[in-house]
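Me: I would like to learn how to read a predicted complex, feature by feature. Could you give me the general idea each time and then the case at hand?

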Amino acid sequence: MEPRYDFGGDEYIFVEFDIEMSLELNFKILSVCQQIDRDKIEGVIEVCPANNSYLLHYNPDRIDPQRLVKQLREIEHSAEHIESLSSRLVDIPVLYDDPWSKECAARFGERHQDPSITNLEYLMKINGFTDKDEFIAAHSGVPYWVSMVGFVPGTAWGYQMVPRERAIQAPKYVRPRTDTPERTVSQGGAFMAIYPVRGPGGYQLMGQTPVPIYDPTGSLVDLRERYILAIAGDRWKLRPIEMDEFESIRREVEAGTYRYKIVEQEFRPAEYLRDTDRYLKRLQTAAERC
Amino acid sequence: MLKIIQGGLQTTVQDGGRFGWYHIGMPPAGAMDQFSFRVGNLLVGNAVDAASLEITFAGPTFETTEDAFVAVTGANLPVRINDKQVPQWVAHHVRKGDRISCGQVQYGVRAYVTIAGGIQIPPLLGSRSTYLLARFGGVEGRRLQAEDTLPIGTPGTQAESLVHRRLDTRLVPKLQRETELRIIMGLCSYRLTDETVAEFLSSTWEVSNEADRVGYRLHGPIFKFKEREQPFGAGSNPSNVVDVGYPVGSIQVPGGQEAILLMRDAVTGGGYATIGTVIQCDLDLVAQAEPGSKVRFRAVDIEQALRARHENAARLAMVADSLSLFDRVGLLGQ
C-alpha cells in the first residue's frame, strides 16, 4: 500500500502507511519522523509517530499545506533505507499477578468475558498456556518495542519483538472499566500498555510496576525534563519481581532517589529482521555490560 | 495577587495552550473559546494569549490585593463588583480589596476573566494552562478552590488607556442554539459506507451531557461501517483501527453508536476510526455549545478551511483596531 496523506482540519496532516500493524513498518515511520524532526521545517510544530501512521501538527499561517505535503513525500522517499535508529533499552520491574489488579478485575467482573478467573488466567487460556511461570516468562522474556506514545501523557504502546505467530494477544473488556490502578501493566490486542494515571480502561490487567511512567510533580530526576518515561522507539524489557523488591523500589520512588535503568543503543532494523532472537540477545548482553 | 474566595463549578487557569508535546500524549489544553479569551486579553491590554481564568457554567468569587483592570468575556453571566452589577466585554478598574463575583451562566458555557498583567503562575512545558485529566499545569493541575492565591504580572499597558475600554457590541460573538461546524472529512472515514457519510452531513446532532474539555459526545444517527476482515493489530470491532493519532477537533465513532468530538484536552491517540476534523476556529463555537443544543456539519476542503481561518483572524484584528490598538505584534499568537 502507498502511504496516504490527508488533512486533519487546518492544522494537522495524517499520513497512514498501511492498515495493519507491523514492526518493519513502524521502523520506517520512526525513521521518517526522526528525519522530519531533524529538518526543522518552517511552520511544523511537531510530529507524532504512531503504529502504522504519523500525525503532524503545523501552523498554516507559516507554511502552505500543499507545499508541506510535497516536502513530507520527499522525506518519505529519502528515508527508504534505514541504517539505524536510536533506541533505549529500559528496565521495567513488574510484580505479575499482583493484588491490586486482581481486586480491580474482581470489582469490574460483570464487564469481563470470563469473571470466574483472573485476567492473567484468561490470557493464559486464550493464548494456550497452562503454566503460569511459563506464561510470565513468555510475556517478559522479549522486550516490547514502543511503537507509539499518547492517549494520556506517558502511555506507551508496546509491541513484543517476536514473530506474529508468537504474539500474545488479548481482546479488550466487553465494556470498559471506569477505574484502573495507576502503573497497572496490561494487555489489549497485540499491545502491552502501562496505565500512567488512575483512570478508565479496557485492557486486561496482569501486574503492576513500582516505577512511575508519568510524574507531573517532577520529583524523579530522570523524568524531570519531559515528565514521562516513554520515547517512541524505546525497547521496554519487563522484569518479573517479587513483593519485597516491589516494596523496596516503591520506597526509593517515594524518597525521590529512584534511578531508571536505561541504556542508549543504536538499533539496526535490518539486522533485527534478519536474525531476530540472536540480535536481541546481543543487544541485551551489550546493555548488561554497561 | 488574586485571591479566590469561592472557586465556582470548574474554574481553571488557561492560556493560549501548550504546543509541541502532543507526541508525549500531552494535549494543548488552553482556553476552549480562544476568540472570547483573546478579546478579553485585548480589553485589558495584555498579549492575546496571557493566562486568564476559564469559568464553566458558574463562576468564582475573588478579590484583588491591589488595584487592577479586569474584564469578563465569553458566555453570558451576571458579574458583580462589590454587589454592583457590571457589564461584560468591558475593562473594569477594580480597587484593592474589591470583591468580584461571577454568577450562573445564562447562555453559552465558558466565560473568561482576564486581568491586566495576566496570571503569572510558573509555566510548565511553556504554558500555564491546566490539564485536569493528568493533573498537569495551572494550580496543582486542578480547578481553583477557596484560598488559592494567584500572582498577577505587571500590566503591559498604561492604566489610563484602559479606563472605559469596551468592545463595540456589534463585535461581540453571537451565541446560537444551533451551530454549524465546518469539517474536513477524511482520516479513517473510508471505514464508513457512503450512505452513513451522507447521513452524518445531513443530520442534526445533539450535544449530550457528556461534554467537557476532553471531548463532546454527540447523539444522532447510528454509523454503518464497510465490511472487511479486520487487519492484524486493529481489534475485532468494525470501528477499530490500528491505533492512530487523533487531531484536536477530530471526530471518532466508537462502536458506531455515537460521535465524539475531541477538544483541547483531547486524548492524543487510540484505536477508534476517526472520520474528519472540525477546523480550529469553529471549536470556539463548540466550547459554547451547551448540553441539549444542536450542531450540524458542513464539509469543506483545505482551501475553504484556510479562508475561514483568515476570516477569523481578520475578525480579531478588527477587535484590536476598534480598541485603538495599533501595535498588533503577536496578535495571532502561538
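Me: Let us begin with a helix: which residues of α5 (residues 132-141) of chain A are buried?

Reply: Helices (H or I, at least four residues) and strands (E, at least two) are DSSP runs, numbered from the N terminus. A residue is buried if 20 or more other C-beta atoms lie within 10 Å of its own, exposed if 12 or fewer, and partly exposed in between, with C-beta atoms placed from the backbone. In α5 of chain A, the buried residues are A:Phe135, A:Ile136, A:His139 and A:Ser140. These residues lie on the same side of α5(A), because they cover an arc of only 115° around the axis, where the arc is that of the directions from the helix axis to the C-beta atoms. A:Asp133, A:Glu134 and A:Ala137 are exposed on the other side of α5(A). The cover over the buried residues of α5(A) includes β5 (85-96), α4 (119-126) and β11 (235-240) of chain A.

Me: Before going on, what kind of model is this, and how are its parts numbered?

Reply: This is a predicted model, in which local features need pLDDT of at least 70 and side-chain atom pairs count only at pLDDT 80 or more, while totals for chains, interfaces and linings use all residues. Residues are numbered from 1 along each chain as its sequence is written, and chains are lettered from A and ligands numbered from 1 in the order in which they are written.

Me: What confidence does the predictor give to chain B and to the complex?

Reply: pLDDT is the predictor's confidence in each residue, from 0 to 100. Chain B averages a pLDDT of 93, and 97% of its residues score at least 70. Over residues 326-334 of chain B, however, pLDDT stays under 50, and for these residues the model has 15 contacts beyond four places in sequence. For the complex, the predictor gives an ipTM of 0.95 and a pTM of 0.93.

Me: How is chain A divided into domains, and how far apart are their centres?

Reply: Domain bounds come from an automatic or database domain assignment. Chain A is divided into domain 1 (4-82) and domain 2 (87-289), whose centres, taken over C-alpha atoms, are separated by 28 Å. Eleven residues from domain 1 of chain A and twelve residues from domain 2 of chain A take part in the contact. On the domain 1 side of this contact, α1 (23-39) and β3 of chain A each supply at least two residues, and α1(A) gives the most, with five residues.

Me: Which domains does chain B have, and what do they share?

Reply: For chain B the assignment gives domain 1 (2-173) and domain 2 (178-307), and 30 Å separate their centres, taken over C-alpha atoms. Here 18 residues of domain 1 of chain B are in contact with twelve residues of domain 2 of chain B. The side of domain 1 of chain B that touches domain 2 of chain B draws at least two residues each from α1 (34-43) and β10 (107-115) of chain B.

Me: Where does B:Pro27 lie, and is it buried or exposed?

Reply: B:Pro27 lies in the loop between β2 (12-14) and α1 of chain B, and B:Pro27 counts as buried because it has 28 C-beta neighbours inside 10 Å. Leaving aside neighbours within four places in sequence, the residues in contact with B:Pro27 include B:Tyr131, B:Val248 and B:Arg264.

Technical notes: Contact = placed C-beta atoms within 7 Å.
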